Amino acid sequence: MNRALCIAPIVVLFGLLAGVAFAQTRALSRAPAGEIASGKRIFDAQCAWCHGTEGTGGMGPSLQGTLRRGTTTASIVQIITAGIPGTDMPGFSLPLTERGVRQTAAYVQSLSRATTKAGAGNATRGVTIYQSNGCASCHVVQGQGGTLGPELTAIGSRRGGTYLREAIVKPAAAHPTGYLVVRAATASGIDVRGIRVNEDVFWVHIRDASGSVHALQKSELKSLDRDIDASLMPSYEARIKDAELDDLVAYLSTLRGAK
């Protein structure tokens with residue numbers, strides 16, 4: 001048999017499969033209103049608590065305008081299905097069907113095409129607010145700053161404006177993962193309060209407000225208390241004006257990591 005005739009069906013089959021994949025992608029990109037409406041209902045039930053109503057952002061980032069990770073239909077489907085490792089974004093392969101994932105992706109994609117509403121603040125002025133209030137003494141932005149608080153280099157891609165505002169005025173309510181406040185009392189009468197850096201059966205390492213790390217042996221402690229509702233960050237609710245808060249949130253929202 002002619003080898004070309006043997007290969008031809010394989011080429012045709014590959015072309016058909018590729019055509020199906022392309023058609024599925026195109027269909028999702030141009031999803032009908034009914035599919036988008038179904039996706040919105042799923043989004044409101046499963047996603048809005050983190051990403052905000054209509055994807056305006058909250059604990060999770062805003063989904064309106066240009067998406068940093070979900071740049072294609074396939075990538076949005078992948079993120080919804082498997083989540084994003086190393087972040088707070090979980091996968092939804094179990095609660096959602098394949099069709100449900102596609103409908104949700106269609107809705108998210110419609111949000112990314114929406115015009116992003118400009119915030120009330122001015123990011124340029126926000127830089128000045130950030131610097132004048134000593135935020136860099138505790139937070140790192142692009143390699144510069146202190147390490148007592150969370151790094152903020154990409155905070156705008158991980159958190160929405162609502163969350164950022166609350167974290168500034170009510171820092172204990174935000175309580176980022178990995179920044180548990182503990183207080184240790186030694187047998188000699190010394191109290192050490194700060195962020196728990198590390199803890200095992202025998203030792204606890206605590207970074208105090210000055211940035212110093214204390215290595216304490218548990219057998220020599222009178223007490224070790226974990227304050228899950230505390231934060232070393234002070235509230236700025238009464239320290240800066242509302243307009244300045246808008247500016248600071250606007251600046252933080254621009255921090256999206258490496259381009």
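**Figure 1. Buried residues of helix α5 in the predicted model.** In this predicted model, the buried residues of α5 are G100, V101, Q103, T104, A105, A106, Y107, V108, Q109, S110 and L111. Helix α5 is thus mostly covered, with 11 of its 15 residues buried. The helix comprises residues 98-112, and at 1.5 Å a residue it should span 21 Å; its end C-alpha atoms are 21 Å apart, so the two values agree. An α-helix has 3.6 residues a turn, so residues three or four places apart point the same way.

**Figure 2. Residue P32 and its distance from A106.** P32 is located in the loop that lies between α1 (3-29) and α2 (33-46). Although P32 and A106 are 74 residues apart along the chain, a separation of 9.0 Å is found between their C-alpha atoms. A106 itself is one of the buried residues of α5.

**Figure 3. The surroundings of H51.** H51 belongs to helix α3, which covers residues 48-51. Because its relative accessibility is 11%, under the limit of 20%, H51 counts as buried. Leaving aside residues up to four places away in sequence, H51 touches F43, T56, G57, G58, G60, P61, L63 and M89.

**Figure 4. The hairpin of strands β5 and β6.** Strand β5 (residues 203-208) and strand β6 (residues 213-217) run antiparallel and are joined by 5 bridges. Within this pairing, I206 stands opposite H214 in β6. The two strands form a hairpin with 4 residues between them, and G211 in the turn has a positive phi of about 100 degrees. In a regular strand, the side chains alternate between the two faces of the sheet.

**Figure 5. The aromatic pair of Y130 and Y251.** The model contains 2 aromatic pairs. Y130 and Y251 form an edge-to-face pair, at 5.5 Å centre to centre and with 65 degrees between the planes. This pair links distant parts of the chain, since Y130 lies in helix α6 (residues 123-132) and Y251 in helix α10 (residues 242-253), 121 residues apart. Both Y130 and Y251 are buried.

**Figure 6. Arginine residues placed over tyrosine rings.** R159 lies over the face of Y163, with a distance of 4.8 Å from the ring centre. In a further example, the charged end of R239 sits over the ring of Y236, 5.4 Å from the centre of that ring.

Methods:
Residues are numbered from 1 along each chain as its sequence is written. This is a predicted model: local features need pLDDT of at least 70, side-chain atom pairs count only at pLDDT 80 or more; totals for chains, interfaces and linings use all residues. Side-chain values use heavy atoms; hydrogens and water are left out. The expected span of a helix is 1.5 Å times one less than its number of residues. Buried means under 20% relative accessible area, exposed over 50%, partly exposed in between (1.4 Å probe, protein chains only). Two strands pair if DSSP finds at least two bridges between them. Contact means heavy atoms within 4.5 Å. Rings of Phe, Tyr and Trp (its six-membered ring) pair if their centres lie within 6.5 Å; planes under 30 degrees apart count as stacked, over 60 as edge-to-face and the rest as tilted. A charge sits over a ring if NZ of Lys or CZ of Arg is within 6 Å of the ring centre and within 35 degrees of the ring normal.
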